[in-house]
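Biologist: Hi! Could you walk me through the strand pairing in this one?
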Amino acid sequence: MSAERPPGPGTMRAMVFEAPGRPLVPVERPIPRAGPGELLLRVRACGVCRTDLHLLDGELAVDVPPRILGHQIVASVMGDGCRVGVPWLGWTCGECAHCTSARENLCERARFTGRDIDGGFAEYAVADERFCLPIPDGYPDLQAAPLLCAGLIGYRALRMCGDAGRLGLYGFGAAAHIICQVAVWQGRRVFAFTRDGDEPAQALARELGAEWAGVSGDSPPEPLDAAIIFAPAGALVPAALRALVTGGTAVCAGIHMSDIPSFPYELLWGERSVRSVANLTRADGREFLELAPRVPVRTHVTSYALARAGEALEDLRAGRLVGAAVVAP
Ligand SMILES: [Zn+2]
Ligand SMILES: [Zn+2]
């Protein structure tokens, strides 16, 4: 069947992950029902994230396929029409050591939207009301979607950079194009690194306030106080360390990365550090979504019809996108 066909009564169209290495499959399935504490949502837009590619490729496991991917959902609540956002963090236990110490992003039993819970590459979705976030007014649906993962996990990574004045961003895609704007607004100087030949991303970086844009592996014109690595390439870790001042931090912001090659201890010496950022807390979400309109963050999006979600993922993989991809049912 085709996802172009209108669904029958009580059913919806969705793009479903079935197994690693296989393309998303269009299906028609019953509209889900909301349980206690859950909201039934009509999806208005859903951002595409590199994590979706890692799931598609089996670099991150989907434990119980088939699964609807997509974890940057802008939706209307059925019944009251209120607009909400559904991020990657879909449920936490509320009881473990992490949950009770303001680190619910690390909850051992966390369930994630679009991996453990059906996500937003569909016409409808169900979400735990406690994990839905308010979408700031003034953002159209498509423009709001990338704020929900690229924006707020990127923002968590930016916070890990402390008061670093000179910030390197490795990989200038959905997350970096948002965080660049926040960092410049905060008075930081941004240095953007892209794949060799990615002139459009470098041009976007300069347009958004980066004072320098070049190729990953190049030396920036000045040493960096911190770097955020958004691209999933482990080789960028020693490259970023090489660009850091003593005491500087390299933050790995992705959920998966290729192996990090060995490097001389001298690159880490001098109290440089390497750390990762995992997931988000609801507090991160509220804080970032309150901040975004004050900057104001403007997102650059390319939209795809629901049936073309797989194409959006392949465009992301190939680096054919500038900014963020968003699927709109
Ligand atoms: Zn994501
Ligand atoms: Zn927990």
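Biologist: Which residue of E13 does Thr194 stand opposite?
Modeller: Val215. The chain crosses from E12 to E13 through helix H5 (residues 199-207), and this β-α-β crossover is right-handed. Right-handed means that, with the strands pointing away from the viewer, the path from the first strand over the helix to the second runs clockwise.

Biologist: Before we go on, what kind of model is this?
Modeller: This is a predicted model: local features need pLDDT of at least 70, side-chain atom pairs count only at pLDDT 80 or more, and totals for chains, interfaces and linings use all residues. Residues are numbered from 1 along each chain as its sequence is written, with chains lettered from A and ligands numbered from 1 in the order in which they are written.

Biologist: Thanks! How many bridges join E11 to E12?
Modeller: Five, and strand E11 (residues 166-170) runs parallel to E12. Leu167, for one, has Val190 as its bridge partner in E12.

Biologist: And what's the strand order in the open sheet?
Modeller: The six strands go E13-E12-E11-E14-E15-E16, with parallel pairing. E13 and strand E16 (273-276) are at the edges, each with a single partner strand, so one side of each has no neighbour in the sheet.

Biologist: Why is E12 largely enclosed?
Modeller: Because five of its six residues (189-194) are buried, which means 20 or more other C-beta atoms, placed from the backbone, lie within 10 Å of a residue's own.

Methods: A residue is buried if 20 or more other C-beta atoms lie within 10 Å of its own, exposed if 12 or fewer, and partly exposed in between; C-beta atoms are placed from the backbone. Helices (H or I, at least four residues) and strands (E, at least two) are DSSP runs, numbered from the N terminus. Two strands pair if DSSP finds at least two bridges between them.
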